[in-house]
Amino acid sequence: MTRPVVLIAEELAPSVLAALGEGFDIRHVDGADRSALLPALTDAEAVLIRSATQVDAEALAAAPRLKVIARAGIGLDNVDVPAATARGVMVVNAPQSNVVSAAEQAVALLLACARNIAPANEALKRGKWQRSKWTGVEVADKTVGVVGLGRIGVLFAQRMSAFGTRLLAYDPYISTARAAQIGVKLVSLEELLRESDFISIHLPKTPETVGLIGKEQLALCKPSVRIINAARGGLVDEEALAEALAGGHVAGAGLDVFATEPCTDSPLFAFDSVVVSPHLGASTVEAQDKAGVAVARSVRLALEGEFVPDAVNVQAGGVVVEEVRPALPLVEKLGRVFTALAGGVAATVEVEVRGELTAYDVSVLQLAALKGVFADVVEEQVTFVNAPALATERGVEVSLSTNPDSPDFRSLITVRGVLPTGSTVSVAGTLSGPRQIEKITEVDGFDVDIVPAEHLLFLRYGDRPGVVGTVGAALGEAQVNIAGAQVSRTSQGGDALMALTVDSAVPAEVLEQIATAIGAQSVRYVDLV
């Protein structure tokens with residue numbers, strides 16, 4: 001069996017290979033060398049990168065088998081995410097990998113800025129002992145303003161609290177109660193600028209945040225303020241900051257990021273009160289190790305067809321909680337059974353979740369159902385990424401509903417829909433017992449209790465004696481062993497459904513023979529291999 005090709009395009013931590021494990025054909029290439037990268041992508045099903053490799057439309061076109069792009073870090077400026085999404089290629093990163101390192105870098109810059117560490121270090125190494133020249137300020141009892149209370153901003157605030165500081169924060173997307181839990185006072189940006197002795201920025205780079213701290217904002221600050229930016233370049237207007245430093249309106253700055261990188265020449269470099277570093281926020285052994293291991297695990301999940309929590313282009317809430325995760329493969333199978341029963345693509349698909357699961361975010365179950373619905377009807381690979389686009393392209397209306405009431409099961413998931421003819425199709429399932437055994441519990445209104453095995457057969461017919469024997473004889477003659485069978489009916493002599501699990505594929509001619517022999521209304525075979 002051919003092993004999936006995993007292409008490592010940049011140097012990653014040694015732990016990455018261990019996290020990937022066995023079963024992959026690991027190849028290496030210099031991702032910055034396009035002439036080497038493009039041909040190497042031809043067979044790749046996954047590519048692992050950092051910041052030097054550009055995975056754009058050209059690279060995606062050169063990778064017909066690609067399923068996942070894994071960025072060992074947070075930023076995705078070098079990945080064409082929309083193009084990848086259109087191709088059904090999952091894009092994953094490691095959003096948690098460098099949060100501690102980034103927060104610590106901001107603290108380090110603040111302390112270095114407060115105590116003039118960098119210029120004092122340089123002077124002493126040049127033989128100058130200048131104690132009085134490099135007198136700094138204490139951090140204790142000062143006001144520290146935190147702009148942005150995301151993961152890194154919170155970690156930074158927690159660390160600065162230990163220095164005995166007063167903490168202010170600006171973040172329009174966080175509640176006053178949550179800020180209080182963290183130990184900071186939530187204020188407007190203007191108030192933060194006016195009152196803070198140190199200001200540290202922890203925001204993503206968006207059209208709204210670029211240039212957030214500019215000339216007007218710096219004019220509001222105390223002349224003794226020191227500005228720290230270890231988040232993203234461009235959040236602080238560097239030209240305005242240089243002017244404020246030159247005019248004495250800002251006392252100092254600590255910068256790890258710049259509007260244009262690499263940055264080796266800037267007016268800011270002329271100031272002794274400015275401490276700079278070349279984007280080292282994630283440059284720790286621990287952060288690189290965490291990032292590599294995280295994306296390696298994501299690659300394994302993606303290539304195994306599982307849901308990947310760190311996929312950035314999957315339309316499903318946030319992290320999938322452990323209570324919901326076991327339902328993903330079940331719901332995907334329900335989607336495949338649904339399409340087999342429908343005999344084609346439905347006009348509408350509704351995913352209904354009832355019972356205990358509704359206490360959690362179950363939006364991912366809609367994706368799992370769509371992944372199954374289209375798995376056997378399109379030539380391209382169907383993923384959690386492109387399943388919604390496939391539904392849109394085919395005019396399928398998709399909906400998700402929840403209901404905490406579930407009279408018969410702790411949780412029940414139903415995939416139902418309306419066909420273009422106006423007829424309806426439905427299939428429901430649940431996870432049973434401590435071992436979370438997958439069960440199909442209903443098919444087109446008929447109650448059943450079967451495990452969704454690799455080979456399933458559903459027969460609709462008029463209830464009468466002898467049908468079970470006829471079906472068994474036909475399958476036996478074809479050397480197809482029946483693993484399980486049950487019959488459900490509306491009433492004696494009414495409509496009946498026979499559901500069978502069999503040990504091997506059922507040939508088309510055998511299905512035709514059975515349909516004729518029992519006068520079946522429909523015969524549907526589902527291969528879940």
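Which residues in α16 meet which residues in α17? This is a predicted model, and the close-ups below start with that helix pair.

**View 1. Helix α16 meets helix α17.** From the α16 side come V467, T470, V471, A474, L475 and E477, and they meet V510, Q513, I514, A517 and I518 in α17. Sort the residues of this contact by class and you get eight nonpolar, two polar and one charged.

**View 2. How α16 and α17 are set against each other.** Two packed helices are described by the angle between their axes and the distance between the axes. Here the axes of α16 and α17 come within 10 Å and cross at roughly 160°. That makes α16 roughly antiparallel to α17, since angles over 145 degrees count that way. The crossing of these two helices is right-handed.

**View 3. The buried face of α16.** Helix α16 covers residues 467–477, and its buried residues are V467, V471, A474 and L475. Looking down the axis of α16, you'd find these buried residues within an arc of 95°, so they line one face of the helix. An α-helix has 3.6 residues a turn, so residues three or four places apart point the same way. What do the buried residues of α16 pack against? Their partners are the strands β19 (455–462), β20 (482–489) and β21 (495–502), along with helix α17 (508–518).

**View 4. Helix α5 crosses helix α7.** Now for another helix pair: α5 (residues 99–114) and α7 (residues 151–161), whose axes come within 8 Å and cross at roughly 50°. That makes α5 oblique to α7. As α5 passes α7, the crossing is right-handed.

**View 5. The residues between α5 and α7.** On the α5 side, look for V99, V100, A102, A103, E104, A106, V107 and L110; they meet R151, I152, L155, F156, R159 and M160 in α7. The residues of this contact divide into 11 nonpolar, no polar and three charged.

View 6. Is N98 buried or exposed? N98 has a relative accessible area of 11%, and buried means under 20%, so N98 is buried. Which residues is N98 in contact with, leaving aside its neighbours within four places in sequence? They are I74, G281, A282 and A287.

Technical notes:
Residues numbered from 1 in each chain as written. Predicted model: local features only at pLDDT ≥ 70, side-chain atom pairs only at ≥ 80, totals over all residues. Heavy atoms only, no water. Axes fitted to C-alpha atoms, helices over the stretch in contact; angles between N-to-C directions. Helix = DSSP H or I, 4+ residues; strand = E, 2+ residues; numbered from the N terminus. Parallel < 35°, antiparallel > 145°, perpendicular 65-115°, else oblique. Left-handed = near helix turned anticlockwise from the far one by under 90°. Contact = heavy atoms within 4.5 Å. Nonpolar A, V, L, I, M, F, W, Y, C, P; charged D, E, K, R; others polar. Buried < 20%, exposed > 50% of the residue type's maximum accessible area, 1.4 Å probe, protein only. Arc of directions from axis to C-beta.
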